[in-house]
Amino acid sequence: MPIFLFPDDPIWNEEADAVEFPVQVGEYQGRVLVTRRTLQGIVGHTPKPDEAVQQVCMNRPLFERAAEQRIMARALDPDANIHLTGRDLHRAAG
């Protein structure tokens, strides 16, 4: 059984202006958010919500690896969720 579970598909979170997907580690359940601005650094332009979700879906292993690294480093945000940055993605890709 894997340590980290990403049970549902990414969705667009209008309020956060970000793609969001859940993460579960044992009893902990949180959200991983990737803002449109972070995705802009990947695609080279400001993606529309459907394109942003598509980018996360197409590169899901990268985003999951970045989330896992943040959890392993105990680098949760103050709201106990994970807001991935370009730096997180660069580390995960390396």
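**Entry 1: strand pairing**

I began at Gln-24, which stands opposite Gln-29 in E4. The model I am reading is a predicted one, in which local features need pLDDT of at least 70 and side-chain atom pairs count only at pLDDT 80 or more, while totals for chains, interfaces and linings use all residues. Residues are numbered from 1 along each chain as its sequence is written, and side-chain values use heavy atoms, with hydrogens and water left out.

Strands were taken as paired if DSSP finds at least two bridges between them.

On that basis E3 and strand E4 (residues 28-35) run antiparallel and are joined by 8 bridges. Their hairpin has 2 residues between the strands, and I noted there that Gly-26 takes a positive phi near 60°.

Strand E1 (residues 4-5) pairs with E3 over 2 bridges, in the antiparallel sense.

I then followed E2, which also pairs with E3 in the antiparallel sense, over 3 bridges; in this pairing Trp-12 has Val-19 of E3 as its bridge partner. The hairpin of E2 and E3 has 4 residues between the strands, and Asp-17 takes a positive phi near 55° in it.

**Entry 2: Asp-17 and the salt bridges**

Which residue does Asp-17 meet in a salt bridge? I counted a salt bridge where a side-chain nitrogen of Lys or Arg lies within 4 Å of a carboxyl oxygen of Asp or Glu, and found that Asp-17 forms one with Arg-36, with the closest N and O atoms 2.7 Å apart. This pair links distant parts of the chain, as Asp-17 sits in the loop between E2 and E3 and Arg-36 in helix H1, 19 residues apart.

I next looked up exposure, where buried means under 20% relative accessible area, exposed means over 50% and partly exposed lies in between (1.4 Å probe, protein chains only). Asp-17 is partly exposed at a relative accessible area of 32%, whereas Arg-36 counts as buried at 18%.

In total the structure holds 6 salt bridges. One of them joins Arg-60 to Glu-64, with 2.6 Å between the closest N and O atoms; being 4 residues apart in helix H3, these two are separated by about one helical turn. Both ends are covered by the chain's own atoms in the sense of the cut-off, as Arg-60 counts as buried at 15% relative accessibility and Glu-64 is buried at 19%.

A further salt bridge brings together the side chains of Arg-70 and Asp-88 at 2.8 Å, N to O. Here too distant parts of the chain are linked, with Arg-70 in helix H3 and Asp-88 in helix H4 (residues 86-93), 18 residues apart. Arg-70 and Asp-88 are both buried. I also recorded a network, in which salt bridges that share partners join Asp-9, Arg-60 and Glu-64.

**Entry 3: helix H2**

For helix H2 (residues 49-58) I listed the buried residues, which are Ala-52, Val-53, Gln-55 and Val-56. Seen down the axis of H2 they fall within an arc of 155°, so they line one face of the helix; the arc is that of the directions from the helix axis to the C-beta atoms. The face turned away from the buried side of H2 carries the exposed residues Asp-50 and Met-58.

What covers the buried residues of H2? Taking contact as heavy atoms within 4.5 Å, I found that the cover includes strand E2 (11-13), strand E3 (18-25), helix H1 (36-43) and helix H3 (60-72).

**Entry 4: the chain as a whole**

The chain has 4 helices and 5 strands, which follow the pattern β-β-β-β-α-α-α-β-α when read along the sequence. Of its 94 residues, 39% count as buried, and among contacts between residues at least 6 apart in sequence, 39% join residues at least 24 apart.

Along its principal axes, the C-alpha trace spans about 35 × 25 × 25 Å.
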